[in-house]
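Trainee: I have a structure open and would like to go through it with you. Could we begin with the terms we shall need?

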Amino acid sequence: NKYVSHKHHVDGYPSESDFELATTPLQPAPGSDEVIVKNLFLSIDPYQLNRMKRYSSSHTAITAASKIEPGQARRIDAYGVGKVVASGRAELEEGDVVAGLLGWEQYTVVRPGTVLMKVDAKDLPISYYANVLGEYSLHLHQIKEHKKDAQIDAMIFLTTATGPSGLTAFAGFYDVCKPKKGEKVFISAASGSVGSLVGQYAKLSGCYVVGCAGSKQKVDLLKGKLGFDDAFNYKEEADLKSALRRYFPEGIDIYFDNVGAAMLEAAVANMNPFGRVAVCGAISEYTNAGERAAPDLIDIIYKRITLRGFLSVDYLHLHEQFSAATSDHLRRGRMIALEDVSVGIESVPTAFVGLFRGDNVGKKLVRVGEL
Ligand code: NDP
């Protein structure tokens, strides 16, 4: 069983040389309540970097809670879709396709009590269940375990658990941003997994939508295939505040923030009174501990801006509504789930590192095995 792990803590930008590929024997038969899954698609997520750090100055509790120590021959857990190859559970049998927390490896032995959901992907690709239609149930179990063992607060642990991009986009946009028809919406990392979905929900809600991304190819995709009203390459803008003033002469009502730091400051400076900011992610701060957003607080007060962090795990109660609506949009072609798929377990380090270089267009997945 080939697996990928990090060789040492990774505190700045990750590089391929921080990771290694190793092999362990695969447990031949599952124990009671265990399941052996052949991994098919793994979700590659930016938050994993925060788990590999030696420490994190302002979120020490978070990284301590689900830190992954290097050199333990311990798999890096990751959400994914796989096929049951052997089962010690009555409800699962060989050949079932399941989604849940698997790992950066070819096969995962899923431990007792850990939830696996059967995937019934008749009319949508199975990769969508590691992507836009991913669920959370497994994390809840894990959280209970961690809470018991490590005496940490469940919500703190949750902050490092991955959020399936669809529920994150749906809950963050509809619940945190509370959009109204005609409002002006700005999205950063807009061609990424979460951002591309937020933009499509915003268009379906009748908003005016502008996204920023890191290349011309991505900007063209936003304006063409994804139907954004406008888009720009933030890497070509010397002054982000004036760039946003150009794209939003009448101000921003909603900012969906995936990147933090300078872009958050610039967006807040351009917000309208009673504007809402969904603080979803801060990827530009993950690689640079010195980089921290400092939005103008006086601006926030006088313009009565709501700036709210959120985690998709707080929105499990919306999952059914989200899943029904989004599957329908996808089936009818009203939404597109962008996927950027690399092939083979050995491609995991490059896939992961690429998130921080902006290599991915849409959801980054690694296809580790064939059905
Ligand atoms: P993406 O698919 O958006 O991939 C990451 C993208 O971020 C890159 O392609 C790149 O695009 C952009 N990026 C990378 N480095 C920087 C930088 N220094 N400055 C600006 N942009 C950068 O990832 P996800 O959609 O999976 O995640 C998006 C954000 O949402 C992340 O911050 C993630 O941690 C967060 N998240 C939060 C959840 C929650 O529950 N709150 C759940 C899931 C994700 P570009 O070319 O445009 O630079």
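Mentor: Let us start with contact: two residues are in contact if their C-beta atoms, placed from the backbone, lie within 7 Å. Please keep in mind that this is a predicted model.

Trainee: Which residues of helix 5 meet helix 6, then?

Mentor: On the helix 5 side they are Ser 165, Gly 166, Thr 168, Ala 169, Phe 170, Gly 172 and Phe 173. Their partners in helix 6 are Ser 193, Val 194, Leu 197, Val 198, Tyr 201 and Ala 202. By class, the residues of this contact divide into eight nonpolar, five polar and no charged.

Trainee: And at what angle do helix 5 and helix 6 pack?

Mentor: Helix 5, residues 165-176, and helix 6, residues 193-204, pack at an angle of about 45°, and their axes are 8 Å apart. Helix 5 is therefore oblique to helix 6. The crossing of helix 5 past helix 6 is right-handed.

Trainee: Moving on to helix 8 and helix 9: how do their axes cross?

Mentor: The two axes cross at roughly 45° and come within 8 Å, so helix 8 is oblique to helix 9. Helix 8 passes helix 9 in a right-handed crossing.

Trainee: Which residues meet there, in helix 8 and helix 9?

Mentor: Helix 8 contributes Leu 240, Lys 241 and Leu 244, which meet Ala 262, Met 263, Ala 266, Ala 267 and Ala 269 in helix 9. The contact of helix 8 with helix 9 has seven nonpolar residues, no polar ones and one charged.

Trainee: Which residues of helix 9 are buried?

Mentor: Helix 9 covers residues 261-269, and Met 263, Leu 264, Ala 266, Ala 267 and Val 268 are buried.

Trainee: What do the buried residues of helix 9 pack against?

Mentor: They pack against strand 8 (184-187), helix 8 (240-247), strand 11 (252-257), strand 12 (271-279) and helix 11 (297-302).

Trainee: You mention strand 12. What about the phi of Phe 274?

Mentor: Phe 274 is found in strand 12, and its phi is positive, about 65°, although the residue is not a glycine. Phe 274 counts as exposed because it has 10 C-beta neighbours inside 10 Å.

Trainee: Why does Asp 33 count as partly exposed?

Mentor: Asp 33 counts as partly exposed because it has 14 C-beta neighbours inside 10 Å. The cut-offs are 20 or more for buried and 12 or fewer for exposed, with partly exposed in between.

Trainee: And Leu 42, is that buried or exposed?

Mentor: Leu 42 lies in strand 3, and with 30 C-beta neighbours inside 10 Å it counts as buried. Leaving aside residues up to four places away in sequence, Leu 42 touches Ala 78, Gly 80, Leu 102, Trp 104, Ala 130, Leu 365, Val 366 and Val 368. Leu 42 and Ser 127 are 85 residues apart in sequence, yet 8.7 Å apart in space, C-alpha to C-alpha.

Trainee: Last topic: into which domains is the chain divided?

Mentor: The division is into domain 1 (2-163 + 337-367) and domain 2 (165-310). Between them, 18 residues of domain 1 are in contact with 19 residues of domain 2. The side of domain 1 that touches domain 2 has eight nonpolar, nine polar and one charged residues.

Technical notes. Residues numbered from 1 in each chain as written. Predicted model: local features only at pLDDT ≥ 70, side-chain atom pairs only at ≥ 80, totals over all residues. Helix = DSSP H or I, 4+ residues; strand = E, 2+ residues; numbered from the N terminus. Domains from an automatic or database assignment. Nonpolar A, V, L, I, M, F, W, Y, C, P; charged D, E, K, R; others polar. Axes fitted to C-alpha atoms, helices over the stretch in contact; angles between N-to-C directions. Parallel < 35°, antiparallel > 145°, perpendicular 65-115°, else oblique. Left-handed = near helix turned anticlockwise from the far one by under 90°.
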